[in-house]
Amino acid sequence: MGEKNDVFCAWLEKAEIFSDFMNGAMFAGKQKILPGELKPARGDYLEKKRGEAGTAARRRRSRDVVKKRCMGGSYCVLAVENQAELHYAMPVRCMEYDAMEYTSQLRRIRERHRRNKDLKGSAQFLSGMTREEKLDPVTTLVFYHGEGEWDACRDLHDMLDFTGENEIFRKYTANYRINLVTLADLQEEQFETGLREVIGMMKRGRDKNAMREYCRKNEERFRRLDEETYDVISVMIHHRKLEDYKENCRVEKGRIDMCQALEEMMEDSRRDGRRDGIRIGERNGEQKFAALAGRLMADSRTKDLEK
């Protein structure tokens with residue numbers, strides 16, 4: 001999955017970060033989901049497959065991050081799939097995850113009824129549940145933070161071949177749409193936690209001057225950035241060298257002055273660039289002198305070579 005996805009997923013497991021991300025990505029920053037409403041949820045599913053020689057086999061499928069929201073007696077499964085790369089089969093991938101979650105819920109209902117032996121009538125026995133029972137809704141959000149625009153499919157129909165005679169079946173073919181959010185879609189001011197700084201820096205990650213200006217405009221927050229957010233930023237913007245400046249820029253326990261760290265890193269880069277330029281110039285001069293000496297010797301111009 002890659003270091004960026006690993007780091008971001010681990011951070012997103014925290015209830016306050018997860019709720020802030022969902023609120024900012026889906027509800028424009030409105031506090032619809034609170035950290036206290038979130039409970040851990042299983043995101044691992046066993047998929048049955050036929051192995052060699054017809055033997056039964058199972059493959060474990062795992063979501064990136066999944067939580068269960070509990071509010072007022074109602075429940076909802078919330079999941080995030082992080083993508084640093086394009087995925088041309090994402091609608092099918094998310095549809096599989098959602099279907100496995102619904103299947104898992106239905107299995108638990110059926111097992112409960114089997115233990116209690118309380119189903120009545122052929123319809124209930126066939127279904128394994130009663131008419132009144134409901135499954136918890138599942139909402140999956142795809143967060144794409146890779147380089148370039150998302151040009152992959154956004155729903156199942158985009159993946160299907162409806163050309164020619166197949167067109168007549170389009171309206172009868174069930175569709176599945178992914179909830180896609182790209183880095184460009186997000187507004188950093190709609191986040192309340194360290195996500196505000198992480199998203200803001202990720203959007204400017206390829207422009208050091210833009211990052212520095214963003215830090216200056218939000219100096220009050222960046223001067224006392226919590227260490228975990230600092231570490232996430234250094235990975236997500238491909239500047240792991242920021243870790244080398246962390247201790248020198250520590251303002252208090254658990255807080256880092258990222259403005260200072262960024263300035264020191266950029267100054268060292270400029271200094272290294274000047275040294276590299278001098279070394280390149282010296283090497284070019286040596287090469288030119290060697291070439292000149294070789295030509296003079298080839299022409300037997302030893303007096304000119306002595307000069």
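1. Let's start with the aromatic residues: Phe8, Trp11, Phe21 and Phe143 make up one aromatic cluster. Here, rings of Phe, Tyr and Trp (its six-membered ring) pair if their centres lie within 6.5 Å, with planes under 30 degrees apart called stacked, over 60 edge-to-face and the rest tilted. Please keep in mind that this is a predicted model, where local features need pLDDT of at least 70, side-chain atom pairs count only at pLDDT 80 or more, and totals for chains, interfaces and linings use all residues. Residues are numbered from 1 along each chain as its sequence is written, and side-chain values use heavy atoms, with hydrogens and water left out.

2. Six aromatic pairs occur in the structure. One to look at is Tyr214 with Phe222: the ring centres are 5.5 Å apart and the planes stand at 75°, so this pair is edge-to-face. Tyr214 is buried at 7% relative accessibility, and Phe222 is buried at 0% (buried means under 20% relative accessible area, exposed over 50%, partly exposed in between, with a 1.4 Å probe and protein chains only).

3. Tyr214 also has a charge over its ring: the charged end of Arg204 sits 4.1 Å from the ring centre. The criterion is NZ of Lys or CZ of Arg within 6 Å of the ring centre and within 35 degrees of the ring normal. Elsewhere, Lys68 lies over the face of Tyr75, 5.2 Å from the ring centre.

4. Which residues does Glu197 touch, leaving aside those up to four places away in sequence? They are Tyr214, Arg221, Phe222, Leu225, Thr229 and Ile233 (contact means heavy atoms within 4.5 Å). Glu197 belongs to helix H6, residues 195–203, and is buried at 2% relative accessibility. Its side chain meets that of Arg221 in a polar contact of 2.3 Å, a term for a pair of N or O atoms within 3.5 Å; within protein, one must be able to donate a hydrogen and the other to accept it, and residues adjacent in sequence count only if both atoms are side-chain atoms.

5. Now the sheet: five strands form an open sheet in the order E1-E4-E5-E6-E7, with mixed pairing. Strands E1 (38–40) and E7 (179–182) are at the edges with a single partner strand each, so one side of each has no neighbour in the sheet. Strands pair if DSSP finds at least two bridges between them; strands (E, at least two residues) and helices (H or I, at least four) are DSSP runs numbered from the N terminus.

6. Strands E5 (residues 74–83) and E6 (residues 138–144) run parallel, joined by seven bridges. Val77 has Val138 as its bridge partner in E6.
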